[in-house]
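Please keep the sequence and the model in view while reading.

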Amino acid sequence: MDLLMLEKILIALFITIVTAIVIAKFCGKCLKLPPSPLPVPIFGNWLQVGDDLNHRNLTDLAKKFGDIFLLRMGQRNLVVVSSPELAKEVLHTQGVEFGSRTRNVVFDIFTGKGQDMVFTVYGEHWRKMRRIMTVPFFTNKVVQQYRFGWEEEAARVVDDVRKSGEAATIGIVLRKRLQLMMYNNMYRIMFDKRFENMEDPLFQKLRALNGERSRLAQSFEYNYGDFIPILRPFLRGYLKICKEVKDTRFQIFKDCFVEERKKVESTKRSENEGLKCAIDHILDAQKKGEINEDNVLYIVENINVAAIETTLWSIEWGIAELVNNQEIQQKLRNEIELVLGPGHQVTEPDTHKLPYLQAVIKETLRLRMAIPLLVPHMNLRDAKLGRYDIPAESKILVNAWWLANNPAHWNNPQEFRPERFLEEESKVEANGNDFRYLPFGVGRRSCPGIILALPILAITLGRLVQNFELLPPPGQDKLDTTEKGGQFSLHILKHSTIVAKPRSF
Ligand code: HEM
């Protein structure tokens, strides 16, 4: 090839590249993107809006930019949706288009780049995982099989608190005991196992590791490396810790639970005794070649996080509101006594006869939504939302907390008033039948665990209120209900000390 030819090829190549860039730029300008603060190069809006993108800060931005707005966080596009109409569009009408999940660098580690169910994109793998998990976890049969276990665990909490000398006087951090209860509720379903007490070393280890996993994942401190890829090398230390926590947890799930269960199963099956627990069903799917061993462990991981923590946070919020609203607590107690008679301990079937208890739970989930931004959704391809273009792979946050706390849609939403669900909002259910109220999301990626969470919440709060007078600690007239928001979580900042005065029947 002579020099002239080479020169011609290079010039042609140069013109092609420049044309491509110009066309790309031009087309970018053609896009009608949602309103957004003015982005600066490289950082986008990150320096303006900061790291703490919790539901309240995003609500403030919605008041400024509207029901749909775009934040450019370095390389990531973040679209925030804040009206029932647009929430319906994302979760229902265009449920397939927006049915995927984004993962950041940390969630990539904890979910093995989406080998789990919660954080995988919408597609074949998700469908298979959701199908495999449905029979062992998400049916009414499971509720009827395990509700006796949940009632027993709640009774044990009541017994332990009654026995504690401090509970009735200076108070105790009730959450600690309830955490053990939630682990037992879910580990009974998963592995037919329970932890005897809070000192159980395996429980201690799991509790600490799951807590660390949550803290690492929900923190905003790693945003910089996620938003600006060239800064990622500075995250190396953080990501190494994430990897270690993940590996240790998975080793425990495998050695102490999955393998143990396999041993129990092999002896039991031959004697044809015992009911199947969830992991038996999951292992059957593995034997059939539908999923691999890693997927099994990711299912265990998902339940540890999605089921235990969210329900525990909601119980904690419910107790805090009942302590701070004594007349509501008393009204609830009166309902239980009137309907069930004194001394009859609340069971799962009873909870359907207790409308005020149901209203207290709904109101807790409204005002103190455990997952206030839902789990982030994502569109795999370019999409349209409202009148706007949404570039492919945008992270879509539905501000469900604001939908349920916007004074344009609710009477005095800042007030904890369960009566609203018996009066003006009596038709609103937690299952997403009203797009103003989505504590469990709605549509394809909605929470399948709602079927377990609601009865567990009702049994636990019902039993606590019927057995104790729940009060703030001496010298305090209210509990501190400061919130702590994470990437998409909301829990109480300080685990409150609560006085639980036993009641006699
Ligand atoms: C009060 C307790 C709970 C609350 C408030 C809650 C809330 C939520 C929310 C908001 C989502 C995301 C919905 C969306 O992105 O559109 C979700 C997803 C999920 N939840 Fe729950 N949840 C709770 C309890 C549970 C329990 C007990 C389980 C399991 C036993 C569970 C399993 C899941 C799973 C597997 C997903 C992912 C679904 C998917 O991506 O397809 N959750 N939950």
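Which residue does UniProt list for "binding site" in an unreviewed entry?

## Annotated site and basis of the model

The residue that UniProt lists for "binding site", in an unreviewed entry, is Cys447; UniProt positions are given in the numbering used here, feature names are shortened, and annotations may be inferred rather than shown by experiment. Cys447 is placed in the loop between α17 and α18, where helices (H or I, at least four residues) are DSSP runs numbered from the N terminus. With a relative accessibility of 31%, Cys447 counts as partly exposed, given that buried means under 20% relative accessible area, exposed over 50% and partly exposed in between (1.4 Å probe, protein chains only).

The model is predicted, and local features need pLDDT of at least 70, side-chain atom pairs count only at pLDDT 80 or more, while totals for chains, interfaces and linings use all residues. Residues are numbered from 1 along each chain as its sequence is written, and side-chain values use heavy atoms, with hydrogens and water left out.

## Domains

The protein chain is assigned a domain 1 (1-30) and a domain 2 (31-502), with bounds that come from an automatic or database domain assignment. Between the C-alpha centres of domain 1 and domain 2 there are 51 Å.

## Aromatic pairs

There are 23 aromatic pairs in the structure, a pair being two rings of Phe, Tyr or Trp (its six-membered ring) whose centres lie within 6.5 Å, with planes under 30 degrees apart counted as stacked, over 60 as edge-to-face and the rest as tilted. The ring centres of Phe195 and Phe257 are 6.3 Å apart and the planes stand at 75 degrees, so this pair is edge-to-face. The pair links distant parts of the chain, since Phe195 is in the loop between α8 (174-191) and α9 (201-218) and Phe257 is in helix α11 (residues 236-271), 62 residues apart. Phe195 and Phe257 are both buried.

Tyr222 and Tyr238 form a tilted pair, because their ring centres are 5.5 Å apart and their planes lie at 45 degrees. Tyr222 is in the loop between α9 and α10 (223-227) and Tyr238 is in helix α11, so the pair ties together parts that are 16 residues apart in sequence; both tyrosines, Tyr222 and Tyr238, are buried.

Tyr183, Tyr187, Phe191, Phe195, Phe203 and Phe257 are linked by ring pairs into a cluster.

Leaving aside residues up to four places away in sequence, Tyr187 touches (heavy atoms within 4.5 Å) Asp192, Lys193, Phe195, Leu206, Phe253, Phe257, Asn304 and Ile308.

## Charges over rings

Arg162 lies over the face of Phe468, 5.7 Å from the ring centre, and the charged end of Arg213 sits over the ring of Phe110, 5.0 Å from its centre. The criterion is NZ of Lys or CZ of Arg within 6 Å of the ring centre and within 35 degrees of the ring normal.

## Positive phi angles

Lys113, a residue other than glycine, has a positive phi near 55 degrees. Lys113 is in the loop between α5 (105-110) and α6 (124-137) and counts as exposed at 61% relative accessibility.

Asn412, also not a glycine, has a positive phi of about 35 degrees. Asn412 is in the loop between α17 (400-403) and α18 (450-467), and its relative accessible area of 45% makes it partly exposed.

Note on methods: Helices (H or I, at least four residues) and strands (E, at least two) are DSSP runs, numbered from the N terminus.
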